[in-house]
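Here are a few notes to read alongside the structure.

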Amino acid sequence: MEWLFGRKKTPAEMLRESQRALKKSMRELDRERVALERQEKKVIDDIKKSAKAGQNAVMRIQAKDLVRTRNHIKKLVLMHSQIQAVSLTIQTLKSTNTMATAMRDVTKAMGRMNRSMNMPAMQKIMQDFEREQEMMGMKQEVMDDTIDDVMGEEEDEEQADEIVNQVFDELGLSLDADLAKAPTQEYAPPQQNADADSELQERLKNLKGF
């Protein structure tokens with residue numbers, strides 16, 4: 001009832017209606033062709049019967065009727081092909097219209113997006129983000145250096161002990177056993193010379209006599 005109020009049909013609606021009309025026409029042509037093919041078989045049978053009965057005049061008329069039937073079938077097939085080609089063309093137009101509609105909607109959406117974008121504000125946001133990211137990276141480096149300074153010496157001692165133990169393990173030695181087996185030398189005081197001591201005491205006595 002919309003046509004009563006002067007509503008204009010959209011291209012998509014007109015294309016759908018055209019497709020339905022063409023499909024209906026092709027179905028009618030197919031039904032007519034099937035009917036003519038049945039008629040063709042019947043005429044052939046009649047021709048055979050007339051030939052057996054020796055009715056040559058009747059057979060000639062029937063043969064002309066067969067020719068006309070076959071020609072009509074050919075025309076129906078040709079018409080069906082032409083309508084099918086038109087239907088494919090309309091389908092192509094429908095697809096093109098769908099793509100055009102989609103492009104139109106996308107263009108509108110892009111236009112709205114472009115109008116809503118504030119480029120100076122976006123640039124400032126990106127600059128602020130880059131600055132904060134750089135500052136965070138610098139703070140992280142300072143924290144890492146501080147942690148390395150605090151933990152580095154202790155870690156160095158532990159790593160050095162691990163290396164020493166690994167070397168002794170490879171040599172089949174033990175650090176404690178080697179220290180226990182190390183040679184010890186006792187300190188021996190020098191032997192006093194008895195003659196030197198006697199001479200020294202003699203000199204002391206002489207000094208006391210003066």
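**Notes on the charges**

1. At 39% relative accessibility, Arg70 counts as partly exposed (buried is under 20% relative accessible area, exposed over 50%, partly exposed in between, with a 1.4 Å probe and protein chains only). Keep in mind that this is a predicted model, where local features need pLDDT of at least 70, side-chain atom pairs count only at pLDDT 80 or more, and totals for chains, interfaces and linings use all residues. Residues are numbered from 1 along each chain as its sequence is written, and side-chain values use heavy atoms, leaving out hydrogens and water.

2. What does Arg70 pair with? Its salt bridge partner is Glu40, with the closest N and O atoms 2.6 Å apart (a salt bridge is a side-chain nitrogen of Lys or Arg within 4 Å of a carboxyl oxygen of Asp or Glu). This pair links distant parts of the chain, 30 residues apart: Arg70 sits in helix H2 (residues 56-116) and Glu40 in helix H1. Helices here are DSSP runs (H or I, at least four residues), numbered from the N terminus. Glu40 counts as buried, at 17% relative accessibility.

3. The structure has eight salt bridges. Another one joins Asp65 to Arg68, the closest N and O atoms being 4.0 Å apart. Because they are three residues apart in helix H2, about one helical turn separates Asp65 and Arg68. Asp65 is partly exposed at 29%, while Arg68 is exposed at 52%.

4. Over in helix H3 (residues 119-171), Asp128 and Lys124 are four residues apart, so about one helical turn separates them. Their salt bridge has its closest N and O atoms 3.0 Å apart.

Terms used
Helix = DSSP H or I, 4+ residues; strand = E, 2+ residues; numbered from the N terminus.
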